[in-house]
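Let's talk through how the pieces of this chain pack against each other. Have a look at the model first.

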Amino acid sequence: MMNWEKLLLPKGLHAAEADQQRSQFEKDYDRIIFSAPFRNLQDKTQVFPLPEDDFVHTRLTHSLEVSSVGRSLGKSAGKFLLEKYPALSARNLQPFDIGGIVAAASLAHDIGNPPFGHAGEEAISDFFKFNPLGQKWKGQCGERDWNDLISFEGNAQGFRMLVDKKNGIFISPPSLAAFTKYPRASWSRPGDAKRRSQKKFGFFTGNLNEYTILAEMMGIPRIADACWLRHPLAFLVEAADDICYSIIDLEDGCTLGLVALERTIDLLAAIVGERFDPEKLQKYDNDRQKLAIMRAMAINQLIQETSIVFENLEPQLLSGEFDQALTDIIPSAGALKDITDLSVRKIYRSQPVLEKEAAGYQVLEGLLETFAGALYAYHFQKESFSGHHKSILRLLPSSHGLREKQDASTIIRNLLDFISGMTDKYALSLYRRVKGIALPGH
C-alpha cells in the first residue's frame with residue numbers, strides 16, 4: 001500500500017513556507033515552460049498539418065490545455081486528500097500543491113514526442129526493425145537497448161529529457177513520477193497485460209536506474225522485473241490528456257469542416273446533459289462561439305465526473321488494485337467513446353492527416369538513413385567512411401557528442417535525442433537539404 005506523505009513529499013522535499021514566493025511544484029512548471037524542448041512543441045503537429053486559414057492545435061497549445069485541466073483535477077484531488085488525511089495538512093501542503101504536481105506533469109506529457117507525432121515514433125521504430133542501415137546497429141547494441149530502438153516511445157524519450165545529466169529539466173520527484181504514466185521498461189513482462197499502466201513503456205534501459213531510485217524514494221511497489229505500480233496522480237495526468245484530445249480534436253475537426261457543426265454539438269451535448277440549452281445556444285450567430293461554449297461545458301463536466309471517480313477509487317489507487325483509465329468508467333464514458341469512434345473515421349483517417357503522417361514517416365526515415373549511416377561508418381566501418389559521410393557529420397551539433405568514442409547504444413540514443421527534438425518544419429527543411437531536394441538558402 002502506497003502512502004500519500006511519501007508520494008507527495010518524499011525525504012528531502014518540503015512544502016512551501018508562507019514566506020516563499022513559489023512552491024517546488026510551481027518551480028517544476030516554470031522550468032518546463034521555459035525549456036527549449038517545450039518551446040519546440042509550438043511547431044509540432046497535434047493532429048492536423050497547420051493550415052493557412054484556420055487555427056488548429058499544436059503540441060504546445062494542447063500541452064497548455066492539458067495542464068490547465070490537470071491543475072483543476074489536481075486541486076480537486078488535493079482538497080479531498082487534505083480533508084481525508086490531516087497529516088498532509090500538518091506538512092503544510094495545500095490543494096494547489098497537488099494541483100501543481102499534476103499541472104507540471106501534464107505540461108510535460110508530450111515533451112518527448114518526435115516530429116510528426118505517432119507517425120514519427122513509427123518511423124524511428126521501423127528504421128531499426130526493417131531498414132538495412134538501421135539493422136546494422138543490431139550487432140553493436142545490447143539486447144535490451146535494441147528492444148528500446150525497435151519500439152521507440154515518446155513517453156520514454158520525455159523521461160530521458162527530464163532526467164538527462166547534462167541537459168535535463170530536473171523537476172521534483174512527485175512531478176516526475178506523476179509524469180511517468182507507464183512505469184516499466186520496454187522488455188519488462190508484467191504479469192497482467194490488462195493493466196493500463198503497462199500498455200506502453202515509460203523509460204529506456206539507460207534510465208532504469210533513475211526510475212528505480214525514484215520508485216524507492218516514493219515507496220512505489222515493484223510488481224515485476226523493471227515494472228512498477230503507477231503513482232496515483234499519473235491517473236489524473238492521463239485523464240487530463242484523454243479529456244483534452246477527445247474534445248479538442250473534435251473541435252478542430254469541426255473547424256476544418258471534417259465534422260458537421262450539428263453533429264459536433266450533439267456529441268458534446270451528450271456529455272453536458274441537462275445543462276445543455278439548445279435555444280440559448282442558437283442566440284449566438286458565430287459557430288466558433290457555439291463550439292467554444294459547448295467545449296467549455298463538456299470539459300467542465302468531465303473534470304467533475306473524473307474528480308468524483310478519483311475520490312471513490314482512491315484506496316484502490318493506493319493499493320494498485322485499480323489500473324484503468326479514469327475516463328473509461330466515468331458516467332460520460334459512452335459519450336467519449338462515441339466521439340473517439342467518430343474521430344477515427346472522420347478525423348484521424350482524413351486525407352490531410354494521412355498525408356501528413358506519410359510525409360513525416362518518409363522525412364524521419366530519410367534523416368535516420370543519412371545520419372545513422374554516416375555515424376555507423378565513422379565508428380564501426382572506417383573503411384567505408386567517405387568524404388560525404390564527413391560532410392554529413394559536420395551537420396550534427398557538437399553538444400550531443402556524437403563523434404566521441406562511446407558505446408553504440410549511447411551514440412544512437414544521442415542521435416535520437418537530436419532527431420526527436422526537431423520541430424516538424426526543421427526536420428522537413430533538413431531532410432530536403434541533405435537529400436538534395438533544396439539547396440541552403442532556397
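Q: Why do H4 and H6 count as roughly antiparallel to each other?
A: This is a predicted model, where local features need pLDDT of at least 70, side-chain atom pairs count only at pLDDT 80 or more, and totals for chains, interfaces and linings use all residues. Residues are numbered from 1 along each chain as its sequence is written, and side-chain values use heavy atoms, leaving out hydrogens and water. Angles over 145 degrees count as roughly antiparallel, on a scale from 0 to 180 between N-to-C directions of axes fitted to C-alpha atoms. H4 (residues 59-84) and H6 (residues 95-107), both DSSP runs (H or I, at least four residues), are therefore roughly antiparallel, since they cross at roughly 150 degrees.

Q: How far apart are the axes of H18 and H20?
A: H18 (residues 351-380) packs on H20 (residues 408-420) at about 150 degrees, so the two are roughly antiparallel. Their contact has 14 nonpolar, 1 polar and no charged residues. The axes lie 11 Å apart.

Q: Which three residues supply 29% of the area that domain 1 buries against domain 2?
A: The automatic or database assignment gives domain 1 as 4-12 + 22-114 + 153-232 and domain 2 as 115-151 + 350-441. About 2100 Å² is buried between them, meaning accessible area (1.4 Å probe) lost on being put together, summed over both. The three residues are Asp43, Pro114 and Arg160.

Technical notes:
Parallel < 35°, antiparallel > 145°, perpendicular 65-115°, else oblique. Nonpolar A, V, L, I, M, F, W, Y, C, P; charged D, E, K, R; others polar. Buried area = accessible area lost by both parts, 1.4 Å probe.
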